[in-house]
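Here are my notes on this one, for when you have the model open.

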Amino acid sequence: MGVDRSAEPVNIGDFERAAAAILPTEVWDFVAGGSGAETTVAANRDALDSVFLLPRVLRDVSACTTRATLLGRPADLPVATAPVAYQQLLHPDGEMATARAAAAAGVPFVASTLSSVPIERIVEAGGRVWFQLYWLRDDDATLGLVRRAEKTGCEAIVLTVDVPWMGRRLRDIRNRFALPAHIRAANITTTSTAHARDHQGSAVAAHTSQEFSPALTWSVIDRIRQQTRLPVVLKGLLAPEDAIQAVEYGVDAIVVSNHGGRQLDGAVTSIAALPGIADVVGGSCEVLLDSGIRTGTDVLRALALGASGVLIGRPLMWGLAVGGERGAARVLELLATELRDAMGLAGCEDVASARRLRTVPGPRLPGTPITWARPPVVPAPVPAGRPAG
């Protein structure tokens, strides 16, 4: 008898359904859920689906390539993994599995401050690693993480700027979600609050409120620069005014992100915010997109609207839950296949030509007006790093 391949995932949605079927409810809710009524979670997807591409024809796409440059270094895809906390909730190998999958796919892996595996071990998995930084109440401990990341071999510091505290994630509150005893934030020392099942509501939210500083301001960028020569990326910008200020502070990249709908419910969708930010940045730094990416066509949409690349989060967690390293690798393989297919069918031989595609708004839900601006065509080169101080 032949092998039945009917159940093998052929798109990322298949991984989502498979993960939902096998994960404990509270773990699924922790990964899939957003804040409040999850309006922004749903809107991220609706907004991406409302971007329609204007393909070009009679272009030679026989050598179509998805290779890109991210933070001054080559990548096989215009993609990096999004930082996701506590990945051992999904699979015992956790961040080690996803880091190896990212390395095999030739894309950067962004390790979270709240990863369940120490940053040193993640770097040992090979590949490019960027370190995502939450600003802690303890300034010395935070700056120590910056120095530790550089010493360990990370290639960038990705400062998340939209979490003065964790948004009200109602699924976690209803589940009274807490970390299992064997899982902890391996890069910081105080995680006991996150394990307190008797805490009212989400123990993980209580822990982040205890650890994260709500006093984060623009001044910390200079403080980070004094500690490291690594590129500095700001993740969580949606307003063009903030993008202008980020450029003035000399950041190397901006991640346009609403945290996957997990912070301010009702925040603008990332894809709607992208063109305005790409326009005001004007190539002064790289612009990446995060939140809602599910297909290769989504990546192409982001490129056409001004991004130099995207971050992908939840889909990798679905792959990790279903098949560990192989599952996560398969998610990235599918994304690469879909992106090359979409680029070729749109008449794009490379990422540069993809960024010259035009888009038009298509059918969408009432009450979600979106105006697509034309992005700058050619970004300025971004240095891989700069002298400290």
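1. Ground rules first. This is a predicted model, where local features need pLDDT of at least 70 and side-chain atom pairs count only at pLDDT 80 or more, while totals for chains, interfaces and linings use all residues. Residues are numbered from 1 along each chain as its sequence is written, and side-chain values use heavy atoms, with hydrogens and water left out.

2. Have a look at helix H8 (residues 203-211): 7 of its 9 residues are buried, so the rest of the structure largely encloses it. Buried is under 20% relative accessible area, exposed over 50%, partly exposed in between (1.4 Å probe, protein chains only). Helices are DSSP runs (H or I, at least four residues), numbered from the N terminus. Among the buried ones are His-207 and Glu-211, and the cover includes helix H2 (25-32).

3. Arg-171 pairs with Asp-29, closest N and O atoms 3.0 Å apart. Asp-29 is buried at 13%; Arg-171 is partly exposed at 25%.

4. Asp-298 and Arg-45 also form a salt bridge, 2.7 Å from N to O. That one links H12 (residues 296-304) to H3 (residues 39-49), with the pair 253 residues apart. Asp-298 is buried, at 0% relative accessibility, whereas Arg-45 is partly exposed at 22%.

5. For context, the whole structure has 18 salt bridges.

Note on methods. Helices (H or I, at least four residues) and strands (E, at least two) are DSSP runs, numbered from the N terminus. Contact means heavy atoms within 4.5 Å. A salt bridge is a side-chain nitrogen of Lys or Arg within 4 Å of a carboxyl oxygen of Asp or Glu.
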